[in-house]
Amino acid sequence: MDIMLEILKGIGSLFLQPAFYVSILIVIIAGFSRIKAERKSFHVGVYSPWQELKGFFGLGIIFGLVISVVMFFIGFTLTIGWIAIFNVVLIVLLLIGLFRMTSTAYTIGIASLVYYAAYYFDWQLAPFEDKMLPISNLYIDNFMIAIVFVLALLLAVEAFLIQFSGANNASPMLRKSGRGKLIGAFQLRRLWLLPLVCFIPGHGFAAIFDWWPIFQIGNQTFSLMILPVVIGFQQQVQTQLPEQATHKIAVKVTSLAIMIALIGVGSIVMPVLSLVAFVVAIVGRFWISYRHRSDEKRASFKFTPQPEGIMILGSRENTPGSRMEISAGEMILEANGKPVTNREELYEALNENRAYCKLKVRDNNGEPRIVQTAIHEEDSFELGLFMVEAK
C-alpha cells in the first residue's frame, strides 16, 4: 500500500513541471487556430477544435509506459539538473517553433549538450542539482552514452507516430501559389505526450517537497518522477497525398534513429562520440524537415483546379461525401450521368434527383469508379465535400 502511494505521488510530479502545461496550452491554441484557418478556406470547421488535444493524450502515452519499463529494467536514471534544463529547452522550442521544433532530436539533443557544458565549465545548477550527486561527481560519459540510446529509441518512436498517426485527419486548406493561382494543401500538425517514469539518484526533490516519493534500492536512494517528453510534428503538404509525405519522412527519421544508435555503440569505446550523436540528431532532423519543404517547393502542385473535373480535398464526417468515401486527390467527373467541371454544374446535376446522388470519380491511381448514396433531409446540400476550384 505504501509503495502504491509513493507511485501515485510520483505521477503527481508530472503536474509540477511547467513544460507539461505549456504543451497543453500550445495544443489548445493550435486547435482553435486550425478551425479559424479552415473556416477561412471553406466557411466551416473541418474537425473538432479539440482534435489536437485528444491526439496529445493518445498513442504516445502507451509508448511512454513501454519505454519506462525498459528504462527501469536497464537501470537508467536522470538527474534533477538535466530534467530542469530539459523543461526550459522544451518550453523555449514550443514557444519559438510550436510543433515543428519539438522533435526529441532537438529537445533531448540540446538539453544534453547544455548539461554537458554545465559539467565541463562547472556551472552551478542549484537548487536543481541533487546534493547527494553533484554534477561534478557524475560519471558524465556513462550518463551521456545512456541518453544517446534513449534518444535513438525515442526517434524510432517518433518515426512510428509520424507513419501511423501523422496524416490522420489532415487539415485541408486553400492557399495561393507564388503565381497567384489557387491550390489545395494539407497542414499536418501533431503533438504527442510520452510520459516517462524515471528515477533520480539521491533525494534532492524531497529537500524541497517533503512529500516527494523516495525509494531505497540497496544502499542507494532514488526519487521518482514522470518526465513529460513531448514529440512534435508539423509539415505542409501540397504536392502529394498526406500519407505519402508522412511515409517518406518516417523512413528518414528511422534512418536517423539507426544512425544515432550506431554512434552510441561507438561512444562506448570513444565517449566523445556521444556529443557527436546529439549534434548529428539535431542537424539530421533539421535537414529532414528542410528537404521536405524544398521538395514541396520544387514539385508540381497536386491539388489544383482541373478542366475535366472537380478536385476534392476531402469531406466532413457524417455527410454524403464521407459515406461515398471520396478521398483527397480524387476528382468528380460526372454527377447523375452529367459531366461536371465546377460547383455550379455539380449542383445542377444533383437538383435533377435531390433524393439520390451518383458520382463518377477518378481515384488516385487514375482509375474511374462509381460511388452513390441516398440524400437525406438532414444532409448538407453541398455533400460535405471540400473542393479546389478556379475563382
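Which helices each supply at least two residues of the nonpolar patch? Helix H4 (59-74) and helix H7 (140-165) do. Helices here are DSSP runs of at least four residues (H or I), and strands are runs of at least two (E), numbered from the N terminus. The model is predicted: local features need pLDDT of at least 70, side-chain atom pairs count only at pLDDT 80 or more, and totals for chains, interfaces and linings use all residues. Residues are numbered from 1 along each chain as its sequence is written, and side-chain values use heavy atoms, leaving out hydrogens and water.

H4 gives the largest share of the patch, five residues. Among the patch members are Leu59, Ile62, Leu153 and Phe164. Phenylalanine 164 lies in H7. Its relative accessible area is 52%, so it is exposed (exposed, over 50%; buried, under 20%; partly exposed in between; 1.4 Å probe, protein chains only).

Helix H12 (residues 343-351) has four named buried positions: Leu346, Tyr347, Ala349 and Leu350. Seen down the H12 axis, the buried residues fall within an arc of 160°, so they line one face. The arc is taken from the directions from the helix axis to the C-beta atoms. Exposed Glu344 and Glu348 sit on the face turned away from the buried side. The buried residues of H12 pack against strands including E5 (310-315) and E8 (356-362), where contact means heavy atoms within 4.5 Å. At the start of H12, a side-chain oxygen of asparagine 342 comes to within 3.2 Å of the backbone nitrogen of glutamate 344.

Serine 289 belongs to helix H10 (residues 273-298). Serine 289 counts as buried because its relative accessibility is 5%.

Note on methods:
A polar contact is a pair of N or O atoms within 3.5 Å; within protein, one must be able to donate a hydrogen and the other to accept it, and residues adjacent in sequence count only if both atoms are side-chain atoms. Patches are made of residues with over 30% relative accessible area and no salt bridge: like charges are joined within 9 Å, nonpolar side chains (Val, Leu, Ile, Met, Phe, Trp, Tyr) within 5 Å. Accessible areas come from the Shrake-Rupley method with a 1.4 Å probe; for residues, only the protein chains shown count as cover. A salt bridge is a side-chain nitrogen of Lys or Arg within 4 Å of a carboxyl oxygen of Asp or Glu.
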